[in-house]
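I opened my notebook to look up a few contacts and pairings. Come and read along with me.

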Amino acid sequence: MPVLIDIHLVELADDLAVVGVATTGSLLEDLIDPELEQVDGQMYGETTTKTITLFVGSCRIVVVGVGILASGMVRYGLDGVLSLENQIRTYGSFRNRGNRRQILQAQAEVNEETEIQVLAYVQINPRSSIRHVANEVGINPRKVHSILKKFKIRPYKPDLVHHLRAGDSERRLLFIAWVLVKIEDNPQFLKYVLWTDESKFTNNGVINKQNNRFWASNNPHWAFETNFQTVWGTNVWCGILEDSIIGPYFYDGTLNGRRYLDFLSNHLPPMLENVPLNIRENLFFQQDGAPAHNAIIVRQYLNDQFGNNWMGTNGSIPWPARSPDLTPLDFFLWGHLKTVVYADPPINLQHFKQKITKACSKLTKEQITAASQDEVNRRLQSCLLNNGENFEQFIR
């Protein structure tokens, strides 16, 4: 049965009064008896009725005119009645009111010409919002969304990539060529590379809200406390070798050449004791271009320990500067650890270190191998195809 809206037009001098009542059932005319003084619970005295039926979509609107205004009814002038009629024809409801632009958008029909206008505007202005496109073309935003969906045009987010300087792409290509030759000679080469890096963890690290959810029937008003006036944290060194995480190793303060040398000579060797002997004997050590890594005493130590088997800015194997997209610690480990650790803010420094250590221990061998070998190989190939330029936006 259709839903009928009873609009009583009540004459009073030169004014009209309008009351809307939603009803279901038989025709509205059957609900009003002209001989009675009571119409739908309201006292009208003597009544005369006039019925006008409007068709709005599939909804039939019956307008009934009566003679005397009853108390408590909403008063409208004739212009108000016409406005209500226009509103019900446009929106199918008395409650939704829109400005002229919204009315024109709602009335606009989507045809081939409109689709061409939307597609052309998006082609010229690909970063425009759906609402902006709708305002420019003059249709409802939902219709813009439908057109874009119909032609399989999707929104994409930008990828943040590292800035490269002049000459960086050439150095990246030289390094990639060297690695690919090594892989060709020995397909297991990457399992002998010890990837290393340092990262700063603080109590006010950025929380990834996209990965944090609280499912509930009512809003729990969930919040994270931050204190940017009291910042504490720790520096973390980690390594990835084949299917294992080496570390983490924590140190306080700024990393300088002497502190880094102390770590390499006194703390790193015990961490490698459980590594198979054949891997240790053929190990390739990798580090980036951090200032502490380039200290003369550090380079001398690495030359003594690894000979020609170490990669660095001034190493026997030149490491290309500004290439975090090629190291599994940057594109995999640090992001994973910070997502896990910052999901539940640490209580104190000791708790912080425990959370980092636990997050490292929970990584599986399959996850580590996929990052240190499969993903590294894929990234080397992608960087090569893009002539040493940024490539991450093409592989995600």
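My entries on a hairpin and some salt bridges follow.

**Ground rules.** I am working with a predicted model, where local features need pLDDT of at least 70, side-chain atom pairs count only at pLDDT 80 or more, and totals for chains, interfaces and linings use all residues. Residues are numbered from 1 along each chain as its sequence is written, and side-chain values use heavy atoms, with hydrogens and water left out.

I looked up strands β9 (residues 233–241) and β10 (residues 244–251), which run antiparallel and are joined by 6 bridges. Strands pair if DSSP finds at least two bridges between them. Helices (H or I, at least four residues) and strands (E, at least two) are DSSP runs, numbered from the N terminus. I found Ile240 bridged to Ile245 in β10. The hairpin has 2 residues between its strands, and Glu242 in the turn has a positive phi of about 55°.

**Salt bridges.** I count one when a side-chain nitrogen of Lys or Arg is within 4 Å of a carboxyl oxygen of Asp or Glu. How many salt bridges does this rule give? The count comes to 9.

Glu242 turned up again, in a salt bridge with Lys191 (3.5 Å, N to O). Lys191 lies in the loop between α6 and β8 (193–202) and Glu242 in the loop between β9 and β10, so the pair ties together parts 51 residues apart in sequence.

Glu375 and Arg379 meet in a salt bridge (2.9 Å, N to O). I noted a salt-bridge network linking Glu375, Arg378, Arg379 and Glu392.
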